[in-house]
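Thanks for asking me to look this over with you. Here are my notes, with salt bridges as the theme.

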Amino acid sequence: MAKLAVVAGLMTLKMPGWVSALFYAGRRIKLDGNTLDAKAQLICDIVAMVRTIPMSEMTPEISRGQLATFAKLLGGGPTPVAKVEDRTIPGPSGDIPVRLYRPDNAADGPLPILIFYHGGGWIQGDIEVHDEPCRRVANASGGLVISIDYRLAPEHKFPAGVDDCLAAFRWVRDHADEIGADPARIAVGGDSAGGNLSAVVCQQIAAAGEAGPMFQLLIYPATDSRMQTKSFDMFGEGFFLTRERIDWYLELYLDDFEANKLDPRFSPVFTDDLSNQPPALVITAGFDPLRDEGRAYHESLLAAGVKSDYLQYDGMIHAFINMAGTLPQGADALQRSGAALKAAWA
């Protein structure tokens, strides 16, 4: 019976949005002044039916497979681009796989570039899971996108992923000509854990006194290890990303949470001075536990004198850019991310 309900739900998701709205007529979830999008509500219900394995029995392999399946079913694409190239770049502990996207109708000469760090709680996600978002951002921005397959926990605990992301930025900056990129127009960006790593890279490069990114794209970023915001309390259960899942990610990512929780390489909100950070676009979802810490980081950037724009999709849930083939808001967020990059590079 549950399998039939899942199949029926997936079929409904492929229909126009008004079908889901009709199905949930009179039953739409409304919290904190926002109304959950009907398709997003259906996705939450489907996920609840599919996630039958208790977190106490969950393994990284199962979780990675679930995310890959979810992205394949809801992500859409593949959107055509001019060229896709898989290669490796040197890292601190061996080669790092990367995927380079050249947009359709690209201009001649060196192109600006976004270094993209994928989300997935630092323990899942990869180049394939985030292939479609990278394709859409490349075309929308007119620049190159290079997606970084950094090492994941628990096989490689913190700060291995951070070290890979820093190495990737430095390689792109110092070898831009090898991939047709403009070293003066480098941005970093990512979603969730990737948003966290993007902010960390900007901070660590600035602290080292090096030439850093000129822009940061932070999509529902994890920024604050305290996890005491209103959105954490309000949306910690039932809206795709749960508090229980976050706790599981952190247990796998860190050897000792208490020892690392104030480390700005993990929790970038604890950096003393943000005045040397690049301009930002921070995107959040209204029904996401990470919503308020993303907004707070944006406000901290503004308070430090850094230009930062904030965009909240009120009816959305965490990971909605990976649902761009199903949720128009996901496609819109990627389009607007590309537009922000184009404006920053100009």
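1. Let's begin with Glu 132, which counts as buried at 7% relative accessibility; buried means under 20% relative accessible area, exposed means over 50%, and partly exposed is in between (1.4 Å probe, protein chains only). Its partner in a salt bridge is Arg 136, with the closest N and O atoms 2.7 Å apart. Arg 136 is partly exposed at 21%. A salt bridge here is a side-chain nitrogen of Lys or Arg within 4 Å of a carboxyl oxygen of Asp or Glu.

2. Where do Glu 132 and Arg 136 lie? Both are in helix 5 (residues 131-141), four residues apart, or about one turn of the helix. Helices are DSSP runs (H or I, at least four residues), numbered from the N terminus.

3. A word on the source: this is a predicted model, where local features need pLDDT of at least 70 and side-chain atom pairs count only at pLDDT 80 or more, while totals for chains, interfaces and linings use all residues. Residues are numbered from 1 along each chain as its sequence is written, and side-chain values use heavy atoms, leaving out hydrogens and water.

4. Now look at helix 9 (residues 243-253), where Arg 243 and Asp 247 are four residues apart, about one helical turn. They form a salt bridge, the closest N and O atoms being 3.1 Å apart. Arg 243 is partly exposed at 30%, and Asp 247 is partly exposed at 35%.

5. Lys 261 and Glu 258 also meet in a salt bridge (2.9 Å, N to O). Lys 261 is partly exposed at 27%, whereas Glu 258 is exposed at 51%.

6. How many salt bridges does the structure hold? There are 21. A network of salt bridges links Asp 32, Lys 230, Arg 291, Asp 292 and Arg 295.

Notes
Helices (H or I, at least four residues) and strands (E, at least two) are DSSP runs, numbered from the N terminus.
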